[in-house]
Each structure stands twice: as structure tokens, then as C-alpha cells.
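Hello,

Here is the structure we talked about. Please open it first, then read my notes below.

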Amino acid sequence: FLLPPRCLLCEAPGQADTDLCAACAAELPRNRVHCMRCGLPLATPAAACGHCLRHPPPWQAAWTPFRYGWPLDRLEARFKFSQDLAAGRTLAAAWCAEPPPALLPGLLLPVPLARARLRQRGYNQALELARPLARRLDLPLRHDLLLRTRDTAAQTTQPDAPARRRNVRGAFALRPGARLPDHVAVLDDVLTTGATLGECARVLRRAGVARVDVWALARVA
């Protein structure tokens, strides 16, 4: 509250009360041209990429406003693995500044974190990103309806997409008696293979949710 904002990347003066300077904010890799179904960056926009045409994901649409690359990847690593909440606030502010989807869900659900990692980290990075976004879009947010039923190994340690799917299979459930709207969005920080978000989407679809979207800050190319 007393010191002017400084850029977390280059230490230049921040802009508009954020911890990024104008130059570094402009370097954030926007995901403007992508697959509408999974957010994969493409050369030309498409309703579905080749992979989604062959293997449709269990969700309807994805909102991934950034690509996972320099300098966003540095801020994300600091937020997720170095307990740098200032980096998280900066990423959330950047996400809130992006144009939202035309069709908004009736409920936002952050992906729950494994208990062991929650104790170690002290916070759920998906929930910390979801809170300001829910306020910005005036959406209800619940962090207690989608549950992680068992701890899993970190997805970054898995060698490939099939291993990631096996790692999270059956790892999520809904709180008994949970009442959900017809349209729900599940939110995570980064969408890589979609294994985690896909498993969450399957749980929601089995519970009768008509439309599930996935939201992630960044999409890995």
C-alpha cells in the first residue's frame, strides 16, 4: 500500500496498479488463434482441431486466453512452486482483463488440489485464480463441491498423456447432495493434455450437467 508497484519480471515501474510494466505485459503470449474445443494454438481458427475431431473431449468448449510460454511460464512457476502470491495476483489480473466467452456458465468450480500438496503449498492455485475471475464476471464460485478423493502424483512427473489419464482416473467426485446448474465451468491454471480437466468433466457429466466447459489461464502448445 505504501510502495509503488514494480514489475515482477524486470523490476521496472508497474502500470495501472499491477506488478507488470507495460513492456512485459505486452509480452504475455495471448492465445488468439486456437481450437475452440480444447484451446490448442493453431495457424488458423477452427471449431475443432484434428485431435478433437478424432477424440472429442468430455467438455463442450475451452477458454484459455494465454499460451504457456515466456514470460507467463516464469510467473506461473513462481506462483505454483515458489509460494509467490504476488505472481498469482498478477496472473489473475491479466486473465480478468481478457474478453470472456460469450456464453458464461452458471457455476465456476476450481480443480481441487491433492491434500498433501495443499498442506505443502498452503493454497490451491486454481482457487486463487478463480476468486478474482468470479468477482469480475459476477459468477458463483464453489470450492467445496468438486472433491479429490485420493492424492495423486504430480501430473508433471508423468511421461505421457496416457500416464496422465491413468494418474487421475477416479480421483474426483462430487460432494453428496450437491446441486449443480445445467452449465458449469471447471477451472485450472494450465491445460496440457486435458487429463485432469477431462476427468473432472466426466464426473460432472455423469451427475447430469448438460454442458461442461473448461477454463485455464494458459494452454500448452
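Does Asp213 count as buried, partly exposed or exposed, and at what relative accessibility? Asp213 counts as buried, because its relative accessibility is 4%. (Buried means under 20% relative accessible area, exposed over 50%, and partly exposed in between, with a 1.4 Å probe and protein chains only.)

Two notes on the source. This is a predicted model, where local features need pLDDT of at least 70, side-chain atom pairs count only at pLDDT 80 or more, and totals for chains, interfaces and linings use all residues. Residues are numbered from 1 along each chain as its sequence is written, and side-chain values use heavy atoms, leaving out hydrogens and water.

Now the core. A nonpolar core is a set of buried Ala, Val, Leu, Ile, Met, Phe, Trp, Tyr and Cys residues joined through side-chain atoms within 4.5 Å. The largest one has 32 residues. Leu20, Trp95, Leu129, Leu133, Leu187, Trp215 and Leu217 touch the most other members. Elements giving two or more residues to this core include helix 6 (125–137), strand 6 (183–191) and strand 7 (211–219). (Helices, H or I with at least four residues, and strands, E with at least two, are DSSP runs numbered from the N terminus.) A second, separate core has 28 residues, among them Cys35, Ala195, Val209 and Val214.

Next, strand 6. Of its 9 residues, 9 are buried, so strand 6 is largely enclosed by the rest of the structure. Strand 6 runs parallel to strand 3 (residues 107–110), joined by 4 bridges. Strand 6 also pairs with strand 7 in the parallel sense, over 8 bridges. (Two strands pair if DSSP finds at least two bridges between them.) In strand 7, Val214 is the bridge partner of Val186.

Asp188 is found in strand 6. Asp188 is buried, yet has no salt bridge. (A salt bridge is a side-chain nitrogen of Lys or Arg within 4 Å of a carboxyl oxygen of Asp or Glu.) The nearest side chain of opposite charge is Lys80, 5.9 Å away. (Lys and Arg count as positive, Asp and Glu as negative; His and the chain ends are not counted.)

Finally, the salt bridges. The structure holds 8. Asp213 forms one with Arg211, the closest N and O atoms being 3.0 Å apart. Arg211 is partly exposed, with a relative accessible area of 24%. Arg131 forms another with Glu128, at 2.9 Å between the closest N and O atoms. Both lie in helix 6, 3 residues apart.

Best wishes
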